[in-house]
Amino acid sequence: MVSCIICHLGIIEGVDSSHNCPNGHQAHTECLKEWILHSSNCPVCREPYSKEVLDKFKDFIKLRENEKLEALDNDLRIDELKKMEKIASKMSFLKFIESIDILINEQEYDYALSRLDLHNNGSNSIQKGQNILFLKGKINYMRGRYDLAINLLFKLVKEKYDHSEGFLFLGKAYEALGLDDKAKWAYERVK
Ligand SMILES: [Zn+2]
Ligand SMILES: [Zn+2]
């Protein structure tokens, strides 16, 4: 019995479907399928398969190509969705910051802080975290909790040493406590 050049199992005549290269190297149709996807030459002798043999795999190759395209299309769609989600979450965060600014203007400091605390729990972006840290520091300065403000704002500028507004409120908080040297240090870093 002839054995398949790919899987080395026997090819039963009249039962197994198989194909030959021009030099008579025989392979199961099923085994040859995956090979033909990558090469139209015989894996043993590198002789090209006849058009007749290759035509037998045309539909299979097309099917595989379509599957690949579909998968690619799907990936693109998922990327697009992810991008949209990011934008939506950015927008909703901006809205949230806006609402905090309104609360600050209305001097609803405690309420603003509790909303910030709630939001902070779910926040995973560094930038969002820094925004929240800044707002908490600023609010604490505004409600006269200078020690807390310094704590928060110092943490912020340690993370982001070019946070101009952070240094500004840090300076103000130091100044309010009469720590003029430290205030000067902070003000010097406001751009
Ligand atoms: Zn085989
Ligand atoms: Zn061959």
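This is a predicted model: local features need pLDDT of at least 70, side-chain atom pairs count only at pLDDT 80 or more; totals for chains, interfaces and linings use all residues.
A donor here is an N, O or S atom within 2.8 Å of the metal. The zinc ion (ligand 1) is held by C4 (SG), C7 (SG), H28 (ND1) and C31 (SG), at 2.0 to 2.3 Å. Over in the aromatic group, F134, Y141, Y146 and F169 make up one cluster.

**Zinc site**

- Angles between the four donor atoms run from 100 to 117°, which makes the arrangement around the zinc ion (ligand 1) tetrahedral.
- For reference, the ideal angle for four tetrahedral donors is 109.5 degrees.
- Along the chain, the donors of the zinc ion (ligand 1) are spaced C-x2-C-x20-H-x2-C.
- C4 sits in the segment before β1 (18–20) and C31 in helix α1 (residues 29–38), so this pair ties together parts 27 residues apart in sequence.
- C4 counts as buried because its relative accessibility is 1%, and the cut-off for buried is under 20%.

**Aromatic rings**

- The count of aromatic pairs comes to six.
- One of them is F134 with F169, an edge-to-face pair at 5.9 Å centre to centre with 70° between the planes.
- F134 is buried at 7% relative accessible area, and F169 is buried at 8%.
- Y141 and F169 have ring centres 5.7 Å apart and planes at 70°, so they're edge-to-face.
- Y141 in helix α5 and F169 in helix α7 are 28 residues apart.

**A charge over a ring**

- K172 lies over the face of F169, 4.7 Å from the ring centre.

Note on methods: Residues are numbered from 1 along each chain as its sequence is written. Chains are lettered from A and ligands numbered from 1 in the order in which they are written. Side-chain values use heavy atoms; hydrogens and water are left out. Donors are N, O and S atoms within 2.8 Å of the metal (3.2 Å for Na, K and Ca); water is not among the atoms, so sites may look incomplete. Four donors count as tetrahedral if all angles lie between 85 and 135 degrees; four count as square planar and six as octahedral if opposite donors are over 155 degrees apart and all others between 65 and 115; anything else is irregular. Helices (H or I, at least four residues) and strands (E, at least two) are DSSP runs, numbered from the N terminus. Buried means under 20% relative accessible area, exposed over 50%, partly exposed in between (1.4 Å probe, protein chains only). Rings of Phe, Tyr and Trp (its six-membered ring) pair if their centres lie within 6.5 Å; planes under 30 degrees apart count as stacked, over 60 as edge-to-face and the rest as tilted. A charge sits over a ring if NZ of Lys or CZ of Arg is within 6 Å of the ring centre and within 35 degrees of the ring normal.
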